[in-house]
Every structure is written in C-alpha cells, then in structure tokens.
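Trainee: Could you show me how to read a structure like this, feature by feature, with the general idea before the particular case?

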Amino acid sequence: MKRVLLTIPALLLVTGIYLAVLLGLVRVTLMVGDISNGVLHALARCGELALAVALLLGGTYVATHAAVWIFRPDAKTDRA
C-alpha cells in the first residue's frame with residue numbers, strides 16, 4: 001500500500017519536471033530563432049542542444065532515482 005501511495009506523487013513530480021523542461025526548451029528555441037547574426041545563431045543552437053541534453057538527462061536521473069527509492073526491497077525482508 002505504501003508503494004502505491006508513493007508512486008502517485010513521484011509520477012506527478014517526474015511529469016512536472018519533464019513538462020517544465022519541455023516548456024523551457026520551447027522558449028529557448030524561440031529565443032534562438034530570433035537571432036539574426038549567423039555566428040551567434042550557430043553558437044546559440046549548440047548551446048541549446050547542450051542545454052536540452054543536460055536537462056533531459058537530469059530529468060531521467062531524477063525519475064530513475066525516484067523509482068529506485070520507491071520500489072527497492074525493504075531492509076526488513078532478508079533474502080539470504
């Protein structure tokens with residue numbers, strides 16, 4: 001029962017993180033699209049790509065650790 005109750009907030013947390021990341025990346029994409037200088041535009045696209053990778057990997061890291069925290073075996077149950 002505890003796992004079911006912990007799954008719901010973890011799911012909402014992960015969903016909120018990914019939604020915030022995607023909205024932020026859309027905003028950055030629109031800002032980069034407005035740059036008219038070619039060199040700055042290319043540098044901004046590279047920075048945007050690096051930011052996207054970092055944010056999405058961070059979201060995956062948080063989601064994975066939330067799942068491990070919820071579904072790890074209890075310390076009380078010895079499987080030896």
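Predicted model: local features only at pLDDT ≥ 70, side-chain atom pairs only at ≥ 80, totals over all residues.

Trainee: Which residues of helix 1 are buried, and what do they pack against?

Mentor: The buried residues of helix 1 are Ala10, Val14, Val21, Leu25 and Val32, and they pack against helix 2, which runs over residues 38–71.

Trainee: Is Glu48 buried or exposed?

Mentor: Buried is the word for a relative accessible area under 20%, and Glu48, with 12%, is therefore buried. This residue belongs to helix 2, and, once its neighbours within four places in sequence are set aside, Glu48 is in contact with Leu25, Val28, Thr29 and Val32. Two of these contacts, Leu25 and Val32, are themselves listed among the buried residues of helix 1.

Trainee: Which residue forms a salt bridge with Glu48?

Mentor: In general, side chains of opposite charge can pair when their charged atoms come close. Here the partner is Arg45, whose closest N and O atoms with Glu48 are 3.0 Å apart, and the count for the model comes to one salt bridge.

Trainee: Why are Arg45 and Glu48 separated by about one helical turn?

Mentor: An α-helix has 3.6 residues a turn, so residues three or four places apart point the same way. Arg45 and Glu48 are three residues apart in helix 2, and so about one helical turn separates them.

Trainee: Which residues form the nonpolar patch on the surface?

Mentor: The patch is made up of Ile35, Val39, Leu40 and Leu43, which together have about 370 Å² of accessible area. Ile35 sits in the loop between helix 1 and helix 2 and is partly exposed, with a relative accessible area of 31%.

Trainee: Which residues is Phe71 in contact with, leaving aside its neighbours within four places in sequence?

Mentor: Phe71, a residue of helix 2, is in contact with Arg3 and Thr7. The C-alpha atoms of Phe71 and Leu6 are separated by 9.5 Å, although these residues are 65 residues apart along the chain. At 48% relative accessibility, Phe71 counts as partly exposed.

Notes:
Residues numbered from 1 in each chain as written. Heavy atoms only, no water. Buried < 20%, exposed > 50% of the residue type's maximum accessible area, 1.4 Å probe, protein only. Helix = DSSP H or I, 4+ residues; strand = E, 2+ residues; numbered from the N terminus. Contact = heavy atoms within 4.5 Å. Salt bridge = Lys/Arg side-chain N within 4 Å of Asp/Glu carboxyl O. Patch = residues over 30% accessible without salt bridge, like charges linked within 9 Å, V, L, I, M, F, W, Y side chains within 5 Å. Areas by Shrake-Rupley, 256 points an atom, 1.4 Å probe, with all protein chains shown as cover.
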